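This briefing is arranged by topic for a reader working from the model itself. Please consult the sequence and structure below before reading on.

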Amino acid sequence: MIVFDRVHKRYPNGREALRDVSLRVAQGQMAFLTGRSGAGKSSILKLVTLLERPTTGTVTVNGQMTSTLPSRAIPAYRRRMGVVFQDHQLLVDRPVYDNVALPLIVADTPFREIDRRVRAALDQVGLLGKEKSSPSELSIGEQQRVGIARAVVGKPTILVADEPTGNLDHALARDVMRLFKRFQEVGVTVLIASHDESLVREFAQHEIKLNDGQVTK
Amino acid sequence: MSAASSWFSRHAQAAVAALGRLLRRPLGTLLTTVAIAIALALPAGLWVFTSNVRALTSKVTETLEISVYLQPGTALTAAEKLASEARRRKEVAKVVLVPADAGLEQFRRQSGFGAAIEALESNPLPHVLTVQPRESATDARSMSELRKYLSAQPDVDAVQVDTEWVRRLEAILYFLQVAFIALASVLGAGVVAVIGNSVRLEIGSRRAEIEVTKLVGGSNAFVRRPFLYEGFLYGLFGGLLALGLGTLVLAALQEPIAGVSALYGGRLGIEGLNADETLLLLLSGGLLGLFGAWVGAARHLARIEPRD
C-alpha cells in the first residue's frame, strides 16, 4: 500500500514539483499516474523509491513512513520494491542473467537460490533461454521484459514503473502491460506512470491524474 | 549456504571482479602501478640505504675505545681492581689493562726512541685501561655516562674518548630517519591520491551501473566493495613492482660495491629488505591503496542518496 499525505516537493533549484498531493494505492491494486510531462509523475515515483524525500507531508509505503527511514535502511527498503524504467537501465556489458540476478546479489542471496529465481523470473517474462545473451542483442521489447524480470526477481510487494512502454509500439506495450497485470493478480501493488491513454483505459483499476504538481482526479 | 560462507564468497567475487577489471585495461593499470611502485620504491630505497649505513657504522663502533689514564704511581693492584669493576658494568664489553711497564715496552718497540727511553730514570707512563663499550652502548649519551663514571673513579687522571664523530654519525642517521619519514609520508599521500583518482574515474565511468545497483537495493558497502579491492590490488601490485625495481637496482649496485669493498678490505656489502620489511612494504602498498579507494569512492557514492 502506498499513501501520500499532503506531500509538497520542492527541488533545490526552486521548482515546485508536487503541491499538496494526497493519494492512496491499495495493496494489490494496479494504479496509473497520468498527466503531461512535468506534471509530477516522476517526482511521485522518486518519492516512492526513496530517491527523494518529501519537502513536507508524509509518504507511507507498506506502513513504513519514508521520511523517518534512516539512510542506512534505504537499501533494504528498496529490495522490497521492483522498479522498471522507460529506458530499461540494463547493464549492457553484462549478460541477461547477471542483470536479472543483480537485486538478489546485492541482497546476499545464496547462489543456488539466485539461479532458481533468475530462471523463474525469465520464465515469467517469456525469456527463458536468453540468460547468456547480451542485452544489446535483444529487441527493445525483450530488453524491457528483462528489466521487468529484474524488477520482480526479488519478489517485491510493490512494482513501480516509469513510462515502461514509452519506447514500445502499441502491441508490445500491451504485452508489457499484461505482464504487469499478471503480477498484480498475484497480489503485487503496481504503480505505473504512463501517458498512453488507451493503455490506461484498458488496464487501470485506479487512475491518479496529475496536472502541474497537483492531483486532479 | 551459511551466512559466513556467503559473505566470504561475495568478497571473493568482488576481489576477482576487481582483478578482472584491472587486467581488462592493462595499459591504464600498468601506468598506475608504475606510478605507485616508484612512490613506494623511493622511501624503501632510502630505508635500505639508512639501514646499510647503520649496519656499517655498527661495525665501525666495534673499534670504539675509551682510554683511561691513571695517576702516575698508582699501584698495579689498584689498576686491576678498577679494571675488574669496569668489566662488571653492563655497557662495557671489554677492558684491557696496559700496565705502565708493558706500555713502555710497547712504546720502545714501536716508536724508535729506544735509546732515549733507556736514558729515563723512571717510567713516565701511567697504567692505562682500554675500555671497549658494547655495541648497544655506543650512542653519545651512553658514552658520556660511561665516561663520567670512569672519570669519577679514584686514581683516574684522564679519560679520553672521541665522541665527536659518534655524535656526527648519529646526527646523520637521525637525519636519514626523519628524511625517510618525510619522504614516506609525502609519497604515501601520493599513492593515496593516485589510487583515489583512478578509482574516482572508474566510478565516474560506471555511474549508470552504480545507480542501478543502488536502486535495486545495493548498499553503499556493496557498491564500494569492488572499488576497495581494486585500490588494494593497485597498491599490492605497486608494492610488488617496487620490490622488483629495488632488486634490479641492488643487483646493478653489487659489482661497484664489491669494487669499493675490495679497497676497504672486504668489509662492505649491501643488504636488501628482509622478510618482515618486504611484507611491510607490500602491506603498506595494499593499505594505502585501500585508503585511496575509500577516499575516491566516498564522495561519489554519497551522490545518489535521496535529498530532503
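A salt bridge is counted where a side-chain nitrogen of Lys or Arg lies within 4 Å of a carboxyl oxygen of Asp or Glu. On that basis, the whole structure holds 23 salt bridges over all chains. The model is predicted, with local features requiring pLDDT of at least 70, side-chain atom pairs counting only at pLDDT 80 or more, and totals for chains, interfaces and linings using all residues; side-chain values use heavy atoms, with hydrogens and water left out. Residues are numbered from 1 along each chain as its sequence is written, and chains are lettered from A and ligands numbered from 1 in the order in which they are written.

**Domains**

- Chain A comprises domain 1 (1-80 + 158-217) and domain 2 (89-155), the bounds coming from an automatic or database domain assignment.
- The centres of these two domains of chain A, taken over C-alpha atoms, are 23 Å apart.
- Their contact (heavy atoms within 4.5 Å) takes 11 residues from domain 1 of chain A and 12 residues from domain 2 of chain A.
- Chain B comprises domain 1 (3-59 + 167-302) and domain 2 (66-160), with 53 Å between their centres, taken over C-alpha atoms.

**Sheet and hairpin in chain A**

- Helices (H or I, at least four residues) and strands (E, at least two) are DSSP runs numbered from the N terminus, and two strands pair if DSSP finds at least two bridges between them.
- β6(A) runs parallel to β7 (residues 158-162) of chain A, and 4 bridges join them; A:V84 stands opposite A:A161 in β7(A).
- A salt bridge of 3.8 Å, N to O, joins the side chains of A:E163 and A:K41.
- A:E163 lies in the loop between β7 and α6 (170-185) of chain A and A:K41 in helix α1 of chain A, so the pair ties together parts that are 122 residues apart in sequence.
- β1 (residues 2-10) and β2 (residues 16-25) of chain A pair in the antiparallel sense over 6 bridges, with A:V3 bridged to A:R24.
- These strands, β1(A) and β2(A), form a hairpin with 5 residues between them, and A:G14 in the turn has a positive phi of about 95°.

**Sheet in chain B**

- The 4 strands of an open, antiparallel sheet in chain B are ordered β2-β3-β1-β4.
- Its edge strands, β2 (92-98) and β4 (156-160) of chain B, each pair on one side only.
- The twist averages 20° from one strand to the next.
- Helix α3 (residues 76-88) of chain B packs on this sheet, touching β1, β2, β3 and β4 of chain B, and its direction makes about 170° with that of β2(B).

**Nonpolar patch on chain B**

- B:L30, B:V34, B:I38, B:L42, B:L183, B:L241, B:L245 and B:L248 make a nonpolar surface patch of about 650 Å².
- Patches are made of residues with over 30% relative accessible area and no salt bridge, with like charges joined within 9 Å and nonpolar side chains (Val, Leu, Ile, Met, Phe, Trp, Tyr) within 5 Å; accessible areas come from the Shrake-Rupley method with a 1.4 Å probe, and for residues only the protein chains shown count as cover.
- α2 (26-61) and α9 (220-263) of chain B each supply at least two residues of the patch, and the largest share, 4 residues, comes from α2(B).

How values were computed. Axes fitted to C-alpha atoms, helices over the stretch in contact; angles between N-to-C directions.
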